[in-house]
Amino acid sequence: METSQLKATSHRTLPNHQRHAQTPTHAAALSFCRLACAPEPPAPPDELAPALEAALLRHLEDAEAFGDRAEHARAAREYEAAIKLVPWQPLAYINLAVACGETGDEAYIARSVAAMRAGVAGGMADVHPLQLNLAVALSELERDAEAAPHYLAAWRLSPTTPAALARGL
């Protein structure tokens, strides 16, 4: 029997659910579902490993230095690197939003929106400045309908916030 006949014969003998699970498309869909349904990211450790802490501090210090020199795009890249190291640290997301906003570049602002959305989805929905910066960044991109829930969340977290109140929430 030829190889193609063997595959066809063995494929027909499998039950329906096993046959579909063997297709590349179905395997990719299953992988996506596993990722989408994965539990929340792990909680931050009580202490960072010394090497991780040193790398984080280097990125944060470099970002601050770039920001002081008005090199906001470089500062944004350093904050993105810090977020990759410690995705549970809201300050890096907040400063990323500020640096990206300072560039005035819509592509950078969109990058900060994506990062902040990931932060909110990753368990930082109760961080007031993160919600507020996300709302402001979306507004800067003229995506006010998407910004409104984040302004509302910021207002709920801190009802006296002037920026949230200025939006009429």
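In this predicted model, the largest nonpolar core holds 34 residues, and those touching the most other members are Tyr93, Leu96, Met116 and Leu130. Several helices contribute to this core: at least two residues each come from helix 4 (50-68), helix 5 (72-85), helix 6 (90-103), helix 7 (106-124), helix 8 and helix 9.

Once its neighbours within four places in sequence are set aside, leucine 130 is in contact with Tyr93, Ile94, Met116, Gly119, Val120 and Met124.

The axes of helix 8 (residues 128-140) and helix 9 (residues 144-157) come within 8 Å and cross at roughly 155°. Because of this angle, helix 8 counts as roughly antiparallel to helix 9. The crossing of helix 8 past helix 9 is left-handed. On the helix 8 side, the contact is made by His128, Gln131, Leu132, Leu134, Ala135, Val136, Leu138 and Ser139. Their counterparts on helix 9 are Asp144, Glu146, Ala147, His150, Tyr151, Ala153, Ala154 and Leu157. Sorted by class, the residues in this contact are ten nonpolar, four polar and two charged.

The loops hold some details of their own. In the loop between helix 8 and helix 9 sits glutamate 142, whose phi is positive, at about 60°, although this residue is not a glycine. Glutamate 142 counts as exposed because its relative accessibility is 70%, above the 50% cut-off. A further example is alanine 70, in the loop between helix 4 and helix 5. Alanine 70 also has a positive phi of about 60° without being a glycine, and its relative accessible area of 54% makes it exposed. These backbone angles are worth a glance on screen, because most residues other than glycine have a negative phi.

Valine 86 lies in the loop between helix 5 and helix 6, and is classed as buried because its relative accessibility is 2%, under the 20% limit. In sequence, valine 86 and leucine 52 are 34 residues apart, while in space their C-alpha atoms are 8.7 Å apart.

Key:
Residues are numbered from 1 along each chain as its sequence is written. This is a predicted model: local features need pLDDT of at least 70, side-chain atom pairs count only at pLDDT 80 or more; totals for chains, interfaces and linings use all residues. Side-chain values use heavy atoms; hydrogens and water are left out. Axes are lines fitted to C-alpha atoms, for helices over the stretch in contact, and angles run from 0 to 180 degrees between N-to-C directions. Helices (H or I, at least four residues) and strands (E, at least two) are DSSP runs, numbered from the N terminus. Angles under 35 degrees count as roughly parallel, over 145 as roughly antiparallel, 65 to 115 as roughly perpendicular and the rest as oblique. A crossing is left-handed if the near helix is turned anticlockwise from the far one by less than a right angle, and right-handed if clockwise. Contact means heavy atoms within 4.5 Å. Ala, Val, Leu, Ile, Met, Phe, Trp, Tyr, Cys and Pro count as nonpolar, Asp, Glu, Lys and Arg as charged, and the others, Gly among them, as polar. A nonpolar core is a set of buried Ala, Val, Leu, Ile, Met, Phe, Trp, Tyr and Cys residues joined through side-chain atoms within 4.5 Å. Buried means under 20% relative accessible area, exposed over 50%, partly exposed in between (1.4 Å probe, protein chains only).
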